[in-house]
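Subject: Structure handover

Hello,

The sequence and structure follow below. My notes on what was found in the model come after them.

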Amino acid sequence: MKRIIVFALTACLTASLAPDSGHTDDLRVISLEARLLPREAPAARELDILMEKDGRLYIVSTPRDRATLDALGIRFAFEPSYSGLPAAGPAAAGGGLNGDYHSYPELEAELLELEAAYPGLAAVHILGQSLEGRNIYGLKISDNVGLDEDEAEVLFLGCHHAREWISVEVPLLIARHLLENRTVDSRVRDVVDRSETWIVPLVNPDGLEYSIHVYRYWRKNRRANDDGSFGVDLNRNYGYEWGRDNSGSSPLPQSAVYRGTAPFSEPESAAVRDFVGLRSFLGLVSYHSYGQIILYPWGYARIPVEGEGAERMKALAEGMSGRLEAYRGTRYAFGQASYSLYLTNGDTTDWAFGDHGIPAYTIELSPVSDQDGGFFNAETEILPIFYENLEAALYLIEDCIAVYVPPATDGRAENRPDNRASGGARGGR
Amino acid sequence: MYLMKTKKTAALLGLCLLFALGLLLALFPSPARGQTVMGQYEEEAPLGTWNLFGASGASSLGRGAALFAPCAADASAIFTNPALAARLQGLTLSVGGGIHSASMFRYGPVNTGPISSADNLSATVFALDLAAVTWNVKGWVVGLGAALTEIYDRPYVEAGSAAYNALFTFSQEGFLRVWNISLGRELLPGLSLGLGFNLVSGRRTWEMNDSWNPPARAVIITDERSRELSGRFLNGGLLWRLSERVSLAAAFRTAFRLYGPSRSLLRYRAPAAGTDILIEAEGEDEIRRPGVVGVGVSWALRNNLKILGEAGWWNWSSYTATSFGEEQPRAFRDTWRAGAAVEYKSSIRLFGRDFLIPSSLGLIYDRQPMENPRSSYIGYTLGTGIHRKGFRLDMGSVFGFENGSGRRLVARRLAVTLTVRTRPRGSGE
């Protein structure tokens, strides 16, 4: 019966979305923890409650409702999948060979658009250049974005592997969501104001362009190897336990998991290394596909990860998995990489945790198998995959905020000098 | 008289030295350079040399693949310099065909990533490649013609692994035709001018198929693209008979755009699982072909012995190309090409009739426009034929050896042109 009510109400909401209704932007479905707002509370009686599910209340809210909840200090989240209302539509890419997926020029344009649209909240930085001279962009999202504040820092990386097009979209959409919803979603505002979130959606721009224009299933970067083959696997080129054995990576240039001639031999991985070295991240996610699994260190050997930060890292993985599944039931397994999947050495997460102590995750996005599409995701799946990962990303950021301990000395610091792409000088683009 | 003989001897000796130098250059290729770029064969590269200009019949081909030299032997002159056609009397009809062949090493997915070959691969096209008619009416010469001006075919590749039930295939083909209408006239004694209007149309298709797994779990990826091409440009030139034995010519072609709709279909199928994912794209593409200017000279040493020389310049630095709306990186430079040839005419008597047998030998130096790797073709041409009154059967060939990529690419063309004239042609060329 409840389900019928939900569908009927959703249908009514949808039906009311005639183009000239003039009120569609006011109504939004939100959810909040049910324990924060008992049904008998006076504030609850004023609200249009759709249902309660899994400990959360789903409410059709007006701006006044949301302001009331804000005033009461009750956190809520927007639920576009339940509303039938047009979500603050993340801009699709400009079409082209890769459809709604972003190519390098499209991503570059969109990052600069976000920076221009949200001054003070978004800043584009250039972390380095690829082999073929393309910029590796990082988008910083925070209030007072021009300052390095004493706030928790979190990093989301995408597209180490060229054919994993969805791994560009998810971090980019996370960035867009944070910026677009900061003024209407108290939870997002809290995340943005109390953290410095960095989004690097495209670590391997050369490989992506080759994957789009020449061979869809390309994985590596575009290094011309001495034997005439091309490419180094960027996710085997990081320095921690690089080249430990030939099970977790390959010394053969023609291999899909070729580790390169030396740790950080590739400018793309070196750019990430140099960038991370300048900051103090409390969490790191590197998006990949496919497999629907959350992996954490160690990948280089089948030895249990222990020590400082290990327990928190494992707990976060379990928490993210649960939140991923809560969206639409998509099960993301989780576990230590070497036990859950296969051995890898020289990968991003082992290096982030081993060298910097950062709880780091490889999230292999949907689907599960090549029978369901493998590295191909239908364009219609971009947003659902993003939304199911959004909650996990917010959860990670919030945990980083919770554990963050400011340095002993107070005060704000001006931005450390680095290669900013925004404003006046636009070198290297 | 002695001085004239000395000059002629010097000219012949000079030609011999040039041939010898060319032979040396062709035999000793420059060292290979490492490259992460396609080199000679971008997707839109024509088969053989980039430096194309109109179309030429077998007689011009055999004489140093002449494009600018004043040596109009048949109606195909309208495609390069209509002023040369002004010397043709009566009605002249030429049809020709032949073989276009070139070797290549790096193109599409071949030797750029997924597919490698130890040796160069060749593409060969048989085509009826020109038909033209000129009609001299009271000194005005009107020309009409159609010719094959560019070929985009690539060697078909098929690679597989029985162990993985894997099969990969790639093919590309295409062409560009030119349709010409031109007008020429001898305006002053010894000075002719001509102008042509040209429409070009063609297409290019690309298909890649990748499949693996046993039939019960087969995965099939198809990448199909097609582009329609059209454009227009002017060509023209002058012919100046300095004396009975020496003529000068100059010709030009305006820069032009090849543009038209492009379509692609990227498809992923796993039939056993019912998975069928499509990414379709449409776009409008544009390729800018350069302007060309060139000059040529012919010197009749004797009535039956002539030498020719020419040089042309292509404005490739202005070159741009888009693919589904995205500009592609093309680092091209302005470039030039030069050629020289010698022709000797002898006569034979067959079946009680006198026939003229021309024999020609030519040399070309043809610098290619890519900045990296820098390369050039050195070509040798051979020509012969059989002429009697208003009938000509000409055969010409060119063999070009590439120098610079380290792969010793070869481009070949063999042409046959049949020309029929309603009246004997005027004296000299």
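A residue is called buried if 20 or more other C-beta atoms lie within 10 Å of its own, exposed if 12 or fewer, and partly exposed in between, with C-beta atoms placed from the backbone. Helices (H or I, at least four residues) and strands (E, at least two) are DSSP runs numbered from the N terminus. This is a predicted model, in which local features need pLDDT of at least 70 and side-chain atom pairs count only at pLDDT 80 or more, while totals for chains, interfaces and linings use all residues. Residues are numbered from 1 along each chain as its sequence is written, and chains are lettered from A and ligands numbered from 1 in the order in which they are written.

Strand 18 (residues 391-403) of chain B is largely enclosed by the rest of the structure, because 10 of its 13 residues are buried. Strand 17 (residues 376-388) of chain B runs antiparallel to strand 18 of chain B, with 13 bridges joining them (two strands pair if DSSP finds at least two bridges between them). B:G383 has B:G396 in strand 18 of chain B as its bridge partner. The two strands form a hairpin with 2 residues between them, and B:K389 in the turn has a positive phi of about 50°.

Strand 18 of chain B also pairs with strand 19 (residues 410-421) of chain B, antiparallel and over 11 bridges. Here B:F399 is partnered by B:R412 in strand 19 of chain B. This hairpin has 6 residues between its strands, and B:G404 takes a positive phi near 140°.

Chain A, domains and sheets

The contact between them takes 7 residues from domain 1 of chain A and 6 residues from domain 2 of chain A (two residues are in contact if their C-beta atoms, placed from the backbone, lie within 7 Å).

An open sheet of 4 strands in chain A has the order 2-3-1-4 and antiparallel pairing. Its edge strands, each pairing on one side only, are strand 2 (48-53) and strand 4 (77-78) of chain A. Strand 2 of chain A is joined to strand 3 (residues 56-61) of chain A by 5 bridges, and A:K53 stands opposite A:R56 in strand 3 of chain A.

Another open sheet in chain A has 8 strands in the order 5-6-9-8-10-13-11-12, with mixed pairing. Its edges are strand 5 (122-129) and strand 12 (333-336) of chain A.
Strand 11 (residues 293-296) of chain A runs parallel to strand 12 of chain A, with 4 bridges. A:I294 stands opposite A:F334 in strand 12 of chain A.

Chain A, helices 10 and 13

The axes of helix 10 (residues 310-328) and helix 13 (residues 382-403) of chain A come within 8 Å and cross at roughly 145°. Axes are lines fitted to C-alpha atoms, for helices over the stretch in contact, and angles run from 0 to 180 degrees between N-to-C directions. Among the residues that meet are A:L316, A:M320 and A:L324 in helix 10 of chain A and A:Y387, A:A392 and A:L396 in helix 13 of chain A.

Chain interface

Between the chains, 30 residues of chain A are in contact with 29 residues of chain B.

Regards
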